[in-house]
Amino acid sequence: MCKAGIGLDDLMAAPADPLATCEADVLTHLVEEHSHYVPLLLRLVEPRFLQLMERVVPLAIDRYGIVLRLEYALGHRDVRLPFHKTLSDAAQFSLQIQALLTTARRCSHHSRLLSEEREPGENAISRRS
């Protein structure tokens, strides 16, 4: 296995995530004002990860998507729901979260998002690690 490293100069030169300064506010707003969206977003999670889940918590948001923490009796799993497009500025967040919610509404109760079975013309969200 090949391990790649990044130097301090490269790290310092990398652009900051456009949501870095507002992530906590956005997560708080989601939980306090729009908690009804969280179960909808769960439609985008692979169904096997939902088995025995006791609670879900929005954990992080960055330029690539939103991370949900799925909590179980004996641990947790973090699942990233990638945006359709990587954000280049914070103003794009609203459009991308709405796109995720639209995709979730089109999904049946069990997710088809991460499987290869999609209807013709249906938008697929690519996985990010």
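Which exposed residues does the face of H2 turned away from its buried side carry? Let us walk through this predicted model, in which local features need pLDDT of at least 70, side-chain atom pairs count only at pLDDT 80 or more, and totals for chains, interfaces and linings use all residues. Residues are numbered from 1 along each chain as its sequence is written, and side-chain values use heavy atoms, leaving out hydrogens and water.

Start with helix H2, residues 23–33. Helices (H or I, at least four residues) and strands (E, at least two) are DSSP runs, numbered from the N terminus. Val-26, Leu-27 and Leu-30 of H2 are buried. They cover an arc of only 100 degrees around the axis, so they sit on the same side of H2; the arc is that of the directions from the helix axis to the C-beta atoms. Buried means under 20% relative accessible area, exposed over 50%, and partly exposed in between (1.4 Å probe, protein chains only). The face turned away from that buried side carries the exposed residues Ala-24, Asp-25 and Glu-32. The cover over the buried residues of H2 includes helix H3 (37–41), strand E1 (55–62), strand E2 (65–72) and helix H5 (93–106).

Now follow the chain to the loop between E1 and E2, where you will find Arg-63. Arg-63 counts as buried because its relative accessibility is 16%. Leaving aside neighbours within four places in sequence, Arg-63 has contacts (heavy atoms within 4.5 Å) that include Pro-15, Asp-17, Phe-83 and Leu-87. Its side chain also reaches the backbone oxygen of Ala-16 at 2.8 Å.

Finally, look at Leu-8 in helix H1, residues 8–13. Leu-8 is exposed, with a relative accessible area of 58%.

How values were computed: A polar contact is a pair of N or O atoms within 3.5 Å; within protein, one must be able to donate a hydrogen and the other to accept it, and residues adjacent in sequence count only if both atoms are side-chain atoms.
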